[in-house]
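Please look over the sequence and the structure shown here before reading on. The report is meant for a reader who is meeting this structure for the first time.

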Amino acid sequence: MAEVVTYTVQDGVAVITVDNPPVNTLNRAVRAGLVDAVNRLAGDISAEAAVIIGKGRTFPAGADIRELDAPDQAPHVPDVCNAIEDSPKPIIACLHGTALGGGYEIALAAHGRLAIPGTRIGFPEVTLGVLPGAGGTQRMPRLVKVKDTLSLMLSGTSRDVSKGLEIGLVDGIVEGDLLSAGVSHARSMIGRNITPTRDKREMFENVSEYQSAILAAREELQNSPTRAPAAILDCLEAALLMPFEAGLQLERDLFLELRDSDEAKALRHVFLASRLASKPREGLPLPRKVSNVAIIGSGDTASGIAVCCLDAGFKVVLIEHNGGAALQASARVKGVYTRAVDRGRLSPGTQRERLSRFSVTREFSNVAGADLIIEAVPEDEDLKVALFQRLGEAAQTDATIASTTSLADIDQLADAYGQPDNVVGMHFFDPAHVQPLVEVAIGTGTSPQTESTAFAVAAHLRKKPVRVTATAGLISNRMLAAYGEAADRAVLRGATPYSVDAAMRSYGFKQGPYQIADQAGLDLILAGRRKAQWLNGEPKAQVLKAVLDAGRTGRAKGFGFYAYDEGGSQPRQDRSVLALIEAVRSNLMIQPQRVSAVDVQTDCLLAMMNEGARLLDEGVAERAGDIDLVMLLGFGFPRHKGGPMKAAELNGLLPQLRKLEKRGREDLYWVPAEALRDAVKNGNRFSEVL
């Protein structure tokens, strides 16, 4: 096995190279190699200084996240950092690519830092529910102003190294060869007094400013749904008030406590699931080349997709036979860019360039020049089938044909087209130019190259693709239907739509199920509910149907479960909806009871978890993590809970199974899915995300 850390000497300077592709993660072998190299440097008479550099595309990009769920193995990243800082010979960190988290903590422990242009530095730990645990909270405020430390650590985002130079996180930016510059810089430090980072005094120059910044951050973050931000502030405060070694110990204790918390486990799950979902299946052929895109339709979805494609550099023609609708679609697309310019997010020149690649036409024959044709007409299966028949006659034979449907049968559309191998589903979420999720629905006849092309297009559009076996409802509508049905049942028992929404927002959702229904349109939600394949046939949907039958179709019309002011921006509760629900209860002879927020949350989570397990049973979803991603990105499930499948694991699958078994004896809706039973048998875990 090749060494992941090598040690050579160049002009009296040891060159310590990390070679652990693809991103030089700090796994145990790398950590041990770095400690060995630093120890070797201490006794090496041929080297009086050293540089640490990464081979390949990046300096160590951080820890191996998978190791956070594994038993501890020494040496740890703090051991590496301490060994570097304690070296009697100067060590320079040479940065390129992405130096994040533990990777940048190693750089902070070094006695100097150089980087090439374009390098990114940062601390993403807070997004994973933890904090920098290798001295970052103690060393960084000793180098830069506390406001810069707070900005970097609490945001979790990376910064360009030019900003790092400005605030003092790197000593210089190298335009030429990084290694040569690093060796020269290391040689210049030989024989000079080295001040370790722990002994630097920047933070003590204005103690009152430091303390005020910490206090202000505490007030701003007091409603944070996760514990990590407050723990970071505790550590930064300790850096000011406690001896360095005591601060390191507090940081390490809090890191380990957070690492083992449910929220950190959930956030790691989301990270790994997201990374895995973005990877096309192994063995797929190269995608087809796409430069010209035709979008058929004129609604919000079609307009949003057009913006995505223009942003990605494609030439776009939007096809709509109705002249008035075509003009409205054109105005929507242009309006997105006008608002972006007005807000300073886009230059007028960029706006003109993108719109120069955009056209709107009523002529269907324009599909003939497209490499990718995206169908985005309303959810009417007959309309879509007729459209795909026309496409079969007009499109070029090697074009990729994508449908945005979440309800129609992809295989039926593919048969209508005549070349099933070129047809795929690409279900965007509205607004399509904002929402990051795309369900890539693979039909029975979808070819590997078409699948590869759909994934490549999604990546080019900067979307997060989730692979789905094409079936009515996909993952999204099946899960939303289960969520909505559970909510309706809670309302029939005695809750109100408004108390249900409040309960789910309290759990962490951005919107409750009835707010989601109003936004999507109750007719579309009911259609999705009817496509759900539950054991007892068509879902009841009594509450939803009662409101829809009263002519309340949702936010777009001003009335749904809520009433809306003009423009649909201000929802308010409506007593007439409660009267409709009371009539349904009366017809069903249901005596309303008290339904607590916990009852609502329990029912909704049980329903989502069980429907997710059915999707695994049926092969609609490949992994539990894919289901969680759809709920997180598509419907605002709280990220720190991990999604319905991970939340169920963290709550214990056996108790969930027992609840479903008890309810399933009276109502087939609650009968447990086999995948849930299997997960309990296999150690209370759904399928691994990796």
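## Basis of the model

This is a predicted model, in which local features need pLDDT of at least 70 and side-chain atom pairs count only at pLDDT 80 or more, while totals for chains, interfaces and linings use all residues. Residues are numbered from 1 along each chain as its sequence is written, and side-chain values use heavy atoms, with hydrogens and water left out.

## The second largest pocket

On a 1 Å grid over the protein atoms alone, a pocket is an open set of points with protein on both sides within 12 Å along at least five of seven lines, a cavity is a set where a 1.4 Å probe fits but cannot get out, and lining residues have an atom within 4 Å of a point. The second largest pocket holds about 1300 Å³ of space, a volume being the space filled by probe spheres set on the points, which are joined across faces, edges and corners. Its lining has 50 residues, and those nearest the centre are Gly-62, Ala-63, Asp-64, Ile-65 and Leu-128.

Two or more lining residues come from each of helix H2 (77-85), strand S5 (98-100), helix H3 (102-109), helix H10 (244-259) and helix H11 (262-277), where helices (H or I, at least four residues) and strands (E, at least two) are DSSP runs numbered from the N terminus. H11 gives the most, with 4 residues. By class, the lining of this pocket has 22 nonpolar, 14 polar and 14 charged residues; Ala, Val, Leu, Ile, Met, Phe, Trp, Tyr, Cys and Pro count as nonpolar, Asp, Glu, Lys and Arg as charged, and the others, Gly among them, as polar.

## The cavities

The whole structure contains 2 cavities of 30 Å³ or more. In the largest cavity, with about 120 Å³ of space, 14 residues form the lining, and Leu-480, Ala-481, Gly-484, Ile-525 and Arg-529 lie nearest the centre. Helix H18 (476-493), helix H20 (513-520) and helix H21 (522-531) are the elements that give two or more residues to this lining, and H18 gives the most, with 5. The lining of the largest cavity divides into 10 nonpolar, 3 polar and 1 charged residues.

The second largest cavity has about 30 Å³ of space, and the residues that line this cavity include Ala-110, His-111, Arg-113 and Thr-197. Thr-197 lies in the loop between helix H7 (178-188) and helix H8 (207-220), and is buried at a relative accessible area of 2% (buried means under 20% relative accessible area, exposed over 50%, partly exposed in between, with a 1.4 Å probe and protein chains only).

## The nonpolar cores

A nonpolar core is a set of buried Ala, Val, Leu, Ile, Met, Phe, Trp, Tyr and Cys residues joined through side-chain atoms within 4.5 Å. The largest has 102 residues, of which Ile-373, Ile-475, Phe-561 and Phe-686 touch the most other members, and helix H24 (residues 597-618) supplies the largest share of this core, 10 residues. Another core, of 70 residues, lies apart from it, with Cys-81, Ala-110, Cys-235 and Leu-254 among its members.

## The cysteines

With a disulfide taken as a pair of cysteine sulfur atoms within 2.5 Å, the count comes to 0 disulfides. For Cys-94, which is in no disulfide, the nearest cysteine sulfur is that of Cys-81, 16 Å away. Cys-94 counts as buried, at 0% relative accessibility, and Cys-604 is buried with a relative accessible area of 0%.
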